[in-house]
Amino acid sequence: MVAVQVIVGGLLLGAIYALFSSGLTLIWGMMNFINFAHGEFVMLGMYVALLVVVYIGGGPAIFGIAAAVALAVLGIAIYFSLIRHVIRGPMLAQILSTFGLALLLRYTAFWIFSANFVSLPANALSGTVSLAGVYLPVAQLVAGIVAIVLTIGLHLLLTRTAVGSKLLAVAEDRTAAMLMGIRPDRMQALAWGLSAGAAGIAGALMAIAYPWSPSVGETFVLIAFVVVALGGFGSVLGSLYAGLITGLIQAVSAFWLGAIYKDIVVYGLFVALLWLRPQGLMGKA
Amino acid sequence: MSDLVVEHLEVRYGDLVGVADISLKVRAGQVVALLGSNGAGKTTTLNAIAGVVRPRGKVEWRGEQIAGQPAYAIVSKGLALSPEGWRLFVAQTVEQNLRLGATALADRARAAALFERVYALFPRLAERRRQLAGTLSGGERQMLALGRALMSEPQLLMLDEPSLGLAPAVVEALYDTLAELHRQGLTLLLAEQSILLALGIADYAYVLQTGRIALEGPAADLQKNEQVREIYLGIATRAAAP
């Protein structure tokens with residue numbers, strides 16, 4: 001029973017990984033722009049949730065939406081103020097600009113919130129449920145399920161709606177998209193808004209179940225890179241599977257090998273996979 | 001009164017001259033051909049008119065100077081370009097590609113009628129509407145590229161090397177379709193390497209050489225022109241001989 005509990009717990013954490021990684025896949029995999037600040041977006045989402053709970057009050061629905069909206073607005077602002085100016089420039093400009101942004105956001109958070117770990121005050125989602133003998137914290141269960149639903153929602157938005165089609169058209173061939181009458185700037189801005197918004201709400205969901213400090217962004221961005229690559233660059237569904245698998249591997253290796261080994265196992269398997277199957281799990285050869 | 005007037009068009013890519021000096025006119029209802037070998041400047045000329053590259057000189061559409069405007073603004077004025085190599089969105093379905101083509105439509109309600117028109121013109125596309133564009137054959141891709149351009153209900157349709165890489169039978173079908181569209185009143189500006197094909201459908205033609213107009217005239221005259229026969233048709237007939 002403990003094994004099942006570990007596995008389910010890993011999958012539920014993996015679902016949140018999937019959600020913020022699908023945001024990165026939109027920018028990195030589809031729009032072909034590496035964003036080193038993506039982990040910081042998740043971290044900021046966690047603090048937005050905290051601020052809303054402390055100063056405004058309200059349940060997960062309220063602080064979750066607040067985190068999504070706040071980060072989406074931030075993502076769009078970052079696109080217009082920073083990304084737009086380096087997007088057609090050399091790769092090094094992209095890397096340095098988002099790496100610098102990551103440092104700026106991280107240390108601003110240190111400055112404002114201090115380096116102490118914090119967690120959300122106990123709320124309606126405290127307590128555990130028992131499903132067929134497996135005990136799960138309600139918070140984890142809700143966060144994981146909502147994350148899966150939102151990831152699938154993002155997938156459907158991109159593949160089933162007119163605006164998703166335009167966004168993917170810009171990602172695939174910017175010039176051809178312009179010839180259709182699409183304004184690429186708007187679609188890029190939307191992609192950044194969706195990407196940061198997904199990271200923000202993933203952060204809020206994470207905050208329901210886990211404590212954090214301003215340095216968590218570093219961990220999350222590495223996980224997101226692993227998940228995006230595993231999922232085959234540019235596939236939201238690929239990120240969903242890869243996120244669940246990554247969470248599962250972490251949980252299982254932490255349980256049987258010890259917590260300090262969980263990252264070694266994840267990144268070790270990642271390197272092995274890139275070696276054997278560089279196109280990712282879901283990628284086409 | 002010409003719909004499209006291009007005067008002293010010049011495009012530079014850094015130090016590289018794409019086109020040096022191109023002037024041309026297209027009247028409503030005409031088929032105008034841009035002829036010339038690879039590198040003569042046909043693609044650059046079309047790209048400059050469509051707003052893909054920024055030109056110097058005058059590009060006037062129905063009296064309005066449009067040179068330097070972005071491509072998404074120009075297509076909504078009724079000038080559509082189907083670019084060289086088709087540039088389909090291969091990761092999306094046939095229907096999604098067509099819907100993307102309708103982005104520039106001012107009247108969104110027109111899209112349904114245009115879908116019907118394109119599917120009537122190319123029943124094959126209707127059969128494959130749920131298929132990814134990347135899975136289509138060369139001929140079907142050409143149909144989709146043309147259909148996608150028609151979805152913006154253009155007043156001037158520019159086609160860049162539409163016959164490139166297609167089997168002869170497919171090319172023939174394509175030119176039948178273009179002739180039919182012309183009969184329905186569509187204005188066409190066509191860049192073609194295949195002179196015989198282009199002069200067969202065009203009313204007027206410009207022959208480009210290293211970024212300049214080397215020769216121009218009614219298509220019927222150019223067909224008889226010794227210079228054209230020697231430079232282009234001569235090569236074409238020799239190449240076609242077994």
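In chain A, residue A:Ile65 is found in helix α3, which covers residues 60-86; helices (H or I, at least four residues) and strands (E, at least two) are DSSP runs, numbered from the N terminus. The model is predicted, so local features need pLDDT of at least 70 and side-chain atom pairs count only at pLDDT 80 or more, while totals for chains, interfaces and linings use all residues. Residues are numbered from 1 along each chain as its sequence is written, and chains are lettered from A and ligands numbered from 1 in the order in which they are written.

A:Ile65 counts as partly exposed because it has 16 C-beta neighbours inside 10 Å; a residue is buried if 20 or more other C-beta atoms, placed from the backbone, lie within 10 Å of its own, exposed if 12 or fewer, and partly exposed in between. The C-alpha atoms of A:Ile65 and A:Gly197 are separated by 9.1 Å, although these residues are 132 apart along the chain.

In chain B, strand β6 (residues 79-82) is covered on both faces, as the table shows.

| Side of β6(B) | Buried residues |
|---|---|
| One side | B:Leu79 and B:Leu81 |

Between the chains, 15 residues of chain A are in contact with 20 residues of chain B, contact meaning that the C-beta atoms of two residues, placed from the backbone, lie within 7 Å. The largest share of the chain A side, six residues, comes from α6(A).
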